[in-house]
Every structure is written in structure tokens, then in C-alpha cells.
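Please examine the structure shown here together with the explanation that follows.

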Amino acid sequence: MQPFVRVLSAGLDTALDRTVAPGYTRVGLAVRRHLPTWPADPAPGSMAGKVVAVTGATSGLGLATAEGLATLGAEVRLVVRDPDKGGRVVRQIVGRVPGARLHVDRCDVGDLDDVRRFAGELGADRVDVLVHNAGAMPAERTESAQGHELTMALHVLGPVLMTELLRDRMAGGRTVLVTSGGMYGQRLRADDPEYLTGDYSPTTAYARSKRAQVELLPVLQDRWEGIDVHATHPGWADTPGVVDSLPSFHKVTGPFLRDAVGGADTTVWVAAVEPAPPGGLLWHDRRARPTHLLPRTRTGDAERDRMWAWVEESLGL
């Protein structure tokens, strides 16, 4: 590829990312796919012999991720709260991917005791890739079984604990935190991780927990030596969660939203492509992206350390 073509392609890609709306919609994905700098797909069968666990795999991005990795040959464990719904999803995927190897595991990721049970029942089974996709945006401040604000329990504490408990079975593997571009509007609130002060906003709580995921990437990459830690954000995708939690946003942007497959594309790519992408980074549309777009959200080491101290205390690490 000629150097000036690469520079122009990279410039267009960056412009789409920084202007947010064009880059996060189906338009951004369609344009990037046609750029000469678009990274190659994972090779067919590249996940054969690999075991992948995907949380929140019964709809939307989780279902698309599970199906995408099964199509590449992975044995996929659907980690879900409702095993009956998980069974229906298995039948759907097998209908589209004959021969897919799928299992259903029950786990409420926001319930730390249930995460411990799940990890214990998994026994010595190997896990090559762990995708933390389960998510929620409760309309009112809600607490988990252990008394933690639910979005932080579900998006931060549960995923960290699950990976901690499975890390001995993940040597050389990858873990992926599916985050949200909404985190760009929030700074890390290490001073109030449980959202105990101020008027509660579901979108703010959700974005704060996603900001925490991204800010902890370097800490987790250092801690989980031998495991590559990634965060991916899907852009604006048309999923049941968006319809239920953000009906006004969905009504306005509906025609421009990506489908779930488009939203899950980078998660599947990061989980499967060889050689493995560098860990500790945030990815969107197969490119590493900055973790901050606004000066007011930038995080210092002291804030990050304070947040990690809260995670350690909450999990008893």
C-alpha cells in the first residue's frame, strides 16, 4: 500500500472516531470496511480447539459474539442468568451454524457469590477467551446481593472476580471487557464508586461503570500476567438493551444504528485474530482508540489506584 493512501485512510478513520456520531453508526463501520487499512478477518477455523465463555449471551451483542466465535470453530460456553433462555439461544445458533459446540452455564455476574459458585463448578476446564458482555442499566439505583451498586457490581466487580478465579485456566488466553462509548462523557469516580451522592441517573451510572472498566485496563493487564486484557466498544448498536433502556435514543437514531453483528465485530476480532492484538488497550472497529476525548475526564494514577483499592477491598483480593 502506498504511504499516502495509508495516511489518508488513517486520517479518515480518526475523523470518524473523533466526531463520534458518524463513526459509531452503521455508516462508520461501512466506510471503514472499505478502507485499505481495514484489518483482515480472523482466518476460517481459527478458533478450532479453543474454549470461549461469553457472559450475557442470550441476546444482542452477547448472542452475536457467541455465534461469531462458534462460526470460527470455538467451543462456546454461554454464561447466562436464565438457562432456559440460554437453551433457546443454543438452538438458534445451531440452526445457523450446524455442528456448533455450545454449552449453557448459569451465572448472575452481578452476584459475587454466584460468580464464585460458577467458577467452582467449572472445575479444571480450560478457558481460552473470556468475554465479559453481561450488562444492565437499571432505572433506579439498585444494589446487588452483596450490597454494591448494580452497574459497578455487574460491569466491574463480577468480571474482575470471575477472571481472578479462572486465571489459572487461562494461561496464554484473552479476556475482553465489552464497554461503551458512553464512558467518554464521564470521569472516573473513585471518590464515589457506589453512587451514594447526588441524584441518581441510570445513564450516568452505566457510563461511570464503563469508565471504570477502561481505566482499570493497565492495572488488570499487569496483574493478570500471561493473559491479554482488552476492552471493546461496539459503537451505537440496535440491541434489546438499547430499546429497553434508551427508548428515546433508539427512536431518534434507529435507522443509523448498527445491527448486533456489526456491534460485536471488534469483540469477535479481538478474541480470535492472530497474532493477538496488544493487551491493555481500548478497541473500536478493529483499531486501538484513545480512552479520553475530553480533558475533563482524564484520570491520574492516584484516582486509578483509589478505584483499584476499592475493587480489592470489595472482592477481598
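Contact means heavy atoms within 4.5 Å. In that sense, and not counting residues up to four places away in sequence, Glu 75 touches Lys 50, Val 51, Val 52, Arg 101 and His 103. This is a predicted model, in which local features need pLDDT of at least 70, side-chain atom pairs count only at pLDDT 80 or more, and totals for chains, interfaces and linings use all residues. Residues are numbered from 1 along each chain as its sequence is written, and side-chain values use heavy atoms, with hydrogens and water left out.

Glu 75 lies in strand β2 (residues 75-80); strands (E, at least two residues) and helices (H or I, at least four) are DSSP runs numbered from the N terminus. With a relative accessible area of 18%, Glu 75 is buried, a term that means under 20% relative accessible area, against over 50% for exposed and in between for partly exposed (1.4 Å probe, protein chains only). Its C-alpha atom is separated by 11 Å from that of Gly 45, 30 residues apart along the chain.

Among the buried residues are Arg 208, Lys 210, Arg 211 and Glu 215. Their cover includes α7, β5 (174-178), α9 (217-223), β6 (228-232), β7 (281-284) and α13 (301-315).

Two packed helices are described by the angle between their axes and the distance between the axes. Axes are lines fitted to C-alpha atoms, for helices over the stretch in contact, and angles run from 0 to 180 degrees between N-to-C directions. The axes of α6 (residues 112-122) and α7 (residues 150-166) come within 10 Å and cross at roughly 25°. α6 is therefore roughly parallel to α7. The α6 residues in this contact include Leu 112 and Phe 118, and those of α7 include Gly 158 and Met 162.

For α4 (residues 60-71) and α12 (residues 260-272), the axes come within 8 Å and cross at roughly 50°. These two helices are therefore oblique to each other; angles under 35 degrees count as roughly parallel, over 145 as roughly antiparallel, 65 to 115 as roughly perpendicular and the rest as oblique. Gly 60 and Ala 64 of α4 are among the contributors to the contact, as are Gly 263 and Ala 264 of α12.
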